[in-house]
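Keep the structure open beside you.

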Amino acid sequence: MTSRAAPGLLQRLRVLGRTLDRDRLRAASHALRRGGLRVLIAQVMLHTTHRWRVAEDASGPAVPAQPWAEPLWPADQPLVEIVAPGDAIGAQTLRGAGMIARGADAAGARYLCVSASPAKLAPTCLEQALFLLEAGGYAAIALPGAGELRRVDGGGAAEGATRALDAPPDAPHRRAAAGPTNLLARAPEAGAEHTVLLVMPFLVLGGAERLLSTILVGLCARGFRAIVVTTVPAAPELGDTESWFAAATEEIHHLPRFLATGEYADFVTYLIAAKHVGTLWIAGSAWAYAALPGLRARFPALRVVDLLFNTVGHGAANRSHAARIDLTLVENGEVRRWLLAAGETEARVRLIPSGVDLAHFAPAARSRRMAETLGIGPGCVIAGFAGRLSEEKAPLAMLAIARWLRADPRLRVVIAGTGPMEPALRRAAARVRPAGRVHVLGMVPELRDWLGSFDVLVLPSVLDGRPTVVLEALAMGIPVVASAVGGVPELVREGETGFLCRPGDNAGFARAVGRLAGDPGLRARMGAAGRRFAERELGVARMVGGYAAALAEAPSPGPLRGAPRNRQGNGSGRAWTATLP
């Protein structure tokens, strides 16, 4: 590509006159405070150049599409394009403002081109694109839409071949010799806060996500810095709970959205080194277990903490990597006993009972909106299910309960949640008679509003740990009928706060629900006992305090082997490639 003319001073003033508004003035003030006059001038020059050229192209003859430069101005505007055009003016401006340093040249990028767009992108998009430019050796990265990235192998965005970043696991692994030199060189020094990197499979709708997001919010309120990484693609129908975690941190990276599986380790290595991560916290990510040998070899001082919810699933991975895990956190006694029986020492197991926000989940009257939406009258009794619609949660048992109790005209069954079984569950629910007794809500925006309308919470799981929804129901004064699995018997006191049944005993579940449906006094007594138990045992402050103590017991990690020795980099790429698998 060839360079194009730049506007003169008068033309720049005219552009500013057309585009300047309150938001841009506020952003200019922010840029001035953060980066100084030089950065503000660079932003104004790039902005006016870009807008002037757009206007010229619109009024003149058609010209080949080329990427132009506009930085993050206003500061809250998203990015739609990060490319490497051959515009020397923009390159000099950005580099002179310190917005891109020499490390980018190793990736073949002369500078970053950033444009404003109405589509909102995640705050991490720029960092991810910079990483791909430097560590992946791509000539450019294009962000054509919200949450979407494309790699450009050469020649610019309009000419180069592109590849979607949701690449298959066997996609070729690209790695530049120098690695993320510029990113690491410009990383800030370690602060006083303790940084925790939480690695999860995904952020879907579920009790684990509600629990972990609550913990992170509490930890960050205590001075922690949290970074969240996910390692498994999640189907949209499973729900998206990123907003829960965003209440604690903006640093959320969904690796499958911009990396091939073989590139995960490079990016996590970069995060640990650049963000001064003290503790790697695994919560159900199979990839994280597999990456432990390489990460522990690279960061000997990194503390590794694993969270196990139950004795199956990731229990085997925890045991096979026990020598690389410093501490295993559990939320119920069953998992603790299992670990000790498997040979683990008491000092390396920490029991932290999960809790709930008692002020948020307080007893409440039935939601009028919910009753009107479902056509449920004041005399009806609601037996409710709330959770992931998957085999281990056994939601089809709710339909069996409805059939067992079909003679009771007061009973209504309400099922809230989403998951892989939702389509089959909806089809089966439509066949339940009498019609109108079963309501499948799907994903609901605020579970508390619906949970507070339940008269009884039913949890027919065949496998579970310490279900968050049970904690919430007890806190709201709702009796619970649940399977006696995992840590549930520690929460549901038989005959006091609810009833326990054998998994798969649908007749037993129906008898317990029927008994509560026919005895309002019993429901009230059990609900009051559940609230008292929650106030005594389930406070969120104690839970967060336990996690804070466990996660902070860590030294600072050692430097990345092959990382730059100073803020300008070490000028050699050999050390970086030698440390990566």
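A salt bridge here is a side-chain nitrogen of Lys or Arg within 4 Å of a carboxyl oxygen of Asp or Glu. The model is predicted.

**Exercise 1.** Decide how Arg 466 and Glu 490 meet, and where each residue lies.

Solution. 
- Step 1: The N to O distance for Arg 466 and Glu 490 is 3.7 Å. The cut-off is 4 Å, so the pair counts as a salt bridge.
- Step 2: Arg 466 sits in the loop between E14 and H17, and Glu 490 in the loop between strand E15 (480-483) and strand E16 (498-501). The two are 24 residues apart, so the pair links distant parts of the chain.
- Step 3: Arg 466 is buried, at 6% relative accessibility. Glu 490 is partly exposed, at 30%.

**Exercise 2.** Find what the salt bridge between Asp 464 and Lys 393 ties together.

Solution. 
- Step 1: The closest N and O atoms of Asp 464 and Lys 393 are 2.9 Å apart.
- Step 2: Asp 464 lies in the loop between strand E14 (456-459) and helix H17 (468-475). Lys 393 lies in the loop between strand E11 (381-386) and helix H14 (397-404). The bridge therefore ties together parts 71 residues apart in sequence.
- Step 3: Buried means under 20% relative accessible area. Asp 464 has 8% and Lys 393 has 17%, so both count as buried.

Definitions and conventions:
Residues numbered from 1 in each chain as written. Predicted model: local features only at pLDDT ≥ 70, side-chain atom pairs only at ≥ 80, totals over all residues. Heavy atoms only, no water. Helix = DSSP H or I, 4+ residues; strand = E, 2+ residues; numbered from the N terminus. Buried < 20%, exposed > 50% of the residue type's maximum accessible area, 1.4 Å probe, protein only.
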